[in-house]
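Reader: I should be grateful for a close look at one helix of this model, together with some notes on backbone and surface elsewhere.

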Amino acid sequence: MGEVASGGGCCPPMDLFRSEPMQLVQLIIPIESAHRTVSYLGDLGLLQFKDLNAEKSPFQRTYATQIKRCGEMARKLRFFKEQMLKAGVSPKNSLGHVDLNIDDLDVKLTDIEVELTEMNANGEKLQRTYNELVEYKLVLQKAGEFFQSAQSRAIEQQREYESHQLSGESMETPLLQDQELLGDSGKPVKLGFLAGLVPREKSQAFERILFRATRGNVFLRQAVVEDPVIDPVSGEKIEKNVFVVFYAGEKAKAKILKICDAFGADRYPFAEELGKQAQMIKEVSGRLSELKTTIDAGSLHRGSLLQTIGAQFEQWNLLVRKEKSVYHTLNMLSLDVTKKCLVAEGWSPIFATKQIQDALERAAIDSNSQVGTIFQVLQTREMPPTYFRTNKVTSSFQGIIDSYGVAKYQEANPTVYTIVTFPFLFAVMFGDWGHGICLLLAALYFIIREKKLSSQKLDDITEMTFGGRYVIMLMALFSIYTGLIYNEFFSVPFELFGPSAYACHDLSCSDATTSGLVKVRHTYPFGVDPVWHGTRSELPFLNSLKMKMSILLGVAQMNLGIIMSYCNALFFRNNVNVWFQFIPQMIFLNALFGYLSLLIIVKWCTGSQADLYHIMIYMFLSPADDLGENQLFVGQKYLQMTLLLLALVAVPWMLLPKPFILKIQHQARHGDESYTALQTTEESLQVESNHDSHGHEEFEFSEVFVHQLIHTIEFVLGAVSNTASYLRLWALSLAHSELSSVFYEKVLVLAWGYNNVIILIVGIVVFVFATVGVLLVMETLSAFLHALRLHWVEFQNKFYEGDGYKFHPFSFALLDEEEE
């Protein structure tokens with residue numbers, strides 16, 4: 001369950017070994033104090049309510065209206081948050097108390113929403129007008145240049161004409177004058193024009209369509225606007241061109257208007273006379289200045305309002321979420337027939353009884369209720385939820401186990417041992433104290449900054465790493481320990497604990513061979529002797545060490561799993577499993593692989609050259625033959641024959657007796673079993689265990705026998721495959737060591753040998769990136785996943801059912817997790 005009601009500090013191991021004893025309680029709550037009662041229980045966070053209205057839809061429940069109102073308030077808060085994000089205003093994490101009740105807050109949020117909506121609408125309207133005036137000013141300036149240049153050319157032409165004809169048109173003649181059609185001199189036609197802006201990317205297509213639609217009877221002039229302008233409609237910055245199109249006739253005008261609309265061209269009125277153009281530019285500039293002042297004042301006022309909202313946003317949001325969760329919980333309660341009380345049922349830990357009763361009393365007093373809430377414990381045969389009290393250290397390891405399956409109520413919890421075994425098995429595969437230090441520094445960074453990071457929104461990978469910071473720290477510490485045993489620091493050995501026990505005795509000694517090495521000192525006190533690294537003897541020596549150590553660790557952990565199964569059987573008073581599952585499993589496993597582990601230890605202690613492969617193979621093929629030079633101790637042959645016989649007997653011992661004994665037990669209690677309420681939790685567990693895993697009133701012997709047959713075959717084959725699976729400890733450790741050696745020798749040492757600074761820098765950079773990317777990321781993930789598999793499959797399948805369900809109390813502290 002994470003860090004719920006942990007009470008601070010590290011939990012003792014027994015707090016994790018069995019889940020907390022639970023009880024089913026019933027609350028009879030007066031209507032007038034129901035809201036405050038549920039709110040106080042949410043602050044406490046130790047009661048998981050049952051839904052007593054499961055048959056009703058959300059709209060048929062008592063407090064559907066209140067939930068709808070809370071949803072509307074949450075919508076307003078989301079609207080405020082969006083507006084703050086657009087304005088660059090961050091909500092402040094205020095820890096102050098909210099004086100408003102939910103009704104006053106609803107009114108306040110409504111008023112603020114109306115005000116903010118009006119300000120947004122006015123601001124958008126003013127901004128659109130401002131953007132239109134900016135475009136209008138550009139049209140006046142750019143199009144005015146067309147007319148000025150045209151007028152200049154007309155004046156020059158007039159002067160030339162006057163000089164040749166001694167007569168001419170007046171200087172005040174309009175630029176665009178009426179012309180008479182040759183075919184119909186009675187109908188004068190005005191040459192008109194339209195001005196505006198068109199997006200630059202559409203300007204060429206705009207010109208082509210105009211030409212085709214009017215059959216070339218238009219004259220188009222365009223000018224590029226240097227800087228992008230804000231489009232009044234979309235509000236985005238767009239590169240545009242100013243255009244002026246001249247036409248003749250209303251039909252041509254109608255076509256041009258439709259084309260402008262189709263291309264999103266903004267049209268603006270334009271005067272032909274230069275004097276009017278200057279006056280319009282002056283007026284537009286004045287209006288732009290006024291609008292700018294108005295917009296700035298509105299933005300300042302809007303920013304002030306958003307700052308006020310941001311100062312209290314988190315408090316308002318928390319209050320609304322709490323209120324909504326309270327009403328959701330109230331909807332799970334059933335209404336009494338008198339409609340004066342609400343009836344609640346839920347699970348709570350037994351240790352929380354006094355705390356819950358105190359919260360109920362405070363709620364009754366604070367709500368001025370004349371009648372207090374009735375609290376009573378119900379007797380039930382229903383399986384309770386599983387609840388472990390954890391803290392920030394143990395919660396990560398509990399999460400590893402829960403990812404496989406939640407422990408059944410009161411089932412032995414593997415987390416107790418996983419806290420040590422998981423980082424240790426990881427370290428066996430990742431053993432390098434240089435890499436371990438790098439991991440430790442990363443974990444310490446997250447641990448030192450945990451208060452700051454816990455309050456921030458992190459991305460998925462960072463959040464996952466931050467959540468497992470204590471797991472990574474223990475993995476790093478164990479990796480440093482195993483790295484010291486392997487004597488590897490980025491694959492380089494060091495004489496940390498004293499000089500090597502070996503020295504070169506003659507000239508035949510070299511780095512590539514052990515020939516000429518003699519022992520001149522006492523054995524290296526801790527870990528592998530540094531001389532063994534870099535020699536041809538290193539690979540078989542470390543291979544043998546790591547391979548045999550993997551078998552020892554695997555057999556030890558599998559024995560621990562069977563012992564956990566024994567603990568479960570004793571706790572649930574399942575004597576059938578004790579005598580016909582636990583004992584034969586222990587005999588079978590240790591008669592074969594326990595004996596192999598014994599041989600490994602004896603060989604290490606005696607320094608014998610016996611071939612363990614030969615011993616184990618011929619233990620099955622020729623158990624009566626003499627061992628010869630492979631004999632490690634007196635009486636070994638007879639011990640092997642005895643163990644082989646016990647292993648053969650253990651298989652039918654696991655298979656045959658249990659189904660028949662279960663059938664006899666069922667026949668003995670058939671007809672006497674009743675469904676009366678149980679008196680104690682132990683009785684509940686006892687009856688449930690007597691039903692075994694089938695829980696049916698009818699006993700199917702064939703089904704039980706087949707189930708036991710499958711279980712027996714699975715264990716026998718699994719004992720072999722699981723032991724072999726632990727050899728991944730050896731394989732990944734060897735791979736990690738070899739990769740480290742390759743990066744060191746083929747990158748760093750090779751670059752150093754060139755005596756070139758640039759090559760050396762490049763080599764160091766490549767070595768660092770290879771170490772971080774491959775060894776500290778990929779290899780860490782690989783070793784983590786393999787350690788996870790060894791715990792989930794090879795260890796937990798011996799005893800762990802994991803078919804329970806978590807304790808999910810109603811708690812305000814968990815609102816953030818539910819929101820995500």
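Author: The account below begins with helix α3 and then turns to other sites. The model is predicted, so that local features need pLDDT of at least 70 and side-chain atom pairs count only at pLDDT 80 or more, while totals for chains, interfaces and linings use all residues. Residues are numbered from 1 along each chain as its sequence is written, and side-chain values use heavy atoms, leaving out hydrogens and water.

Helices (H or I, at least four residues) and strands (E, at least two) are DSSP runs numbered from the N terminus. Helix α3 covers residues 64–87, and its 24 residues should span 34 Å at 1.5 Å a residue, the expected span being 1.5 Å times one less than the number of residues. Its end C-alpha atoms lie 35 Å apart, which agrees. Buried means under 20% relative accessible area, exposed over 50%, and partly exposed in between (1.4 Å probe, protein chains only). The buried residues of α3 are I67, C70, M73, A74, K76, L77, F79, F80, Q83 and M84. After α3 comes G88, with a positive phi near 75°.

Positive phi also occurs at residues other than glycine. K339 has a phi of about 60°; this residue sits in the loop between β11 (334–335) and β12 (341–349) and is exposed, at 62% relative accessible area. R573, with a phi of about 55°, lies in the loop between α15 (538–571) and α16 (575–606) and is partly exposed at 42%.

Finally, F769 belongs to helix α23 (residues 757–795) and counts as exposed, at 63% relative accessibility.
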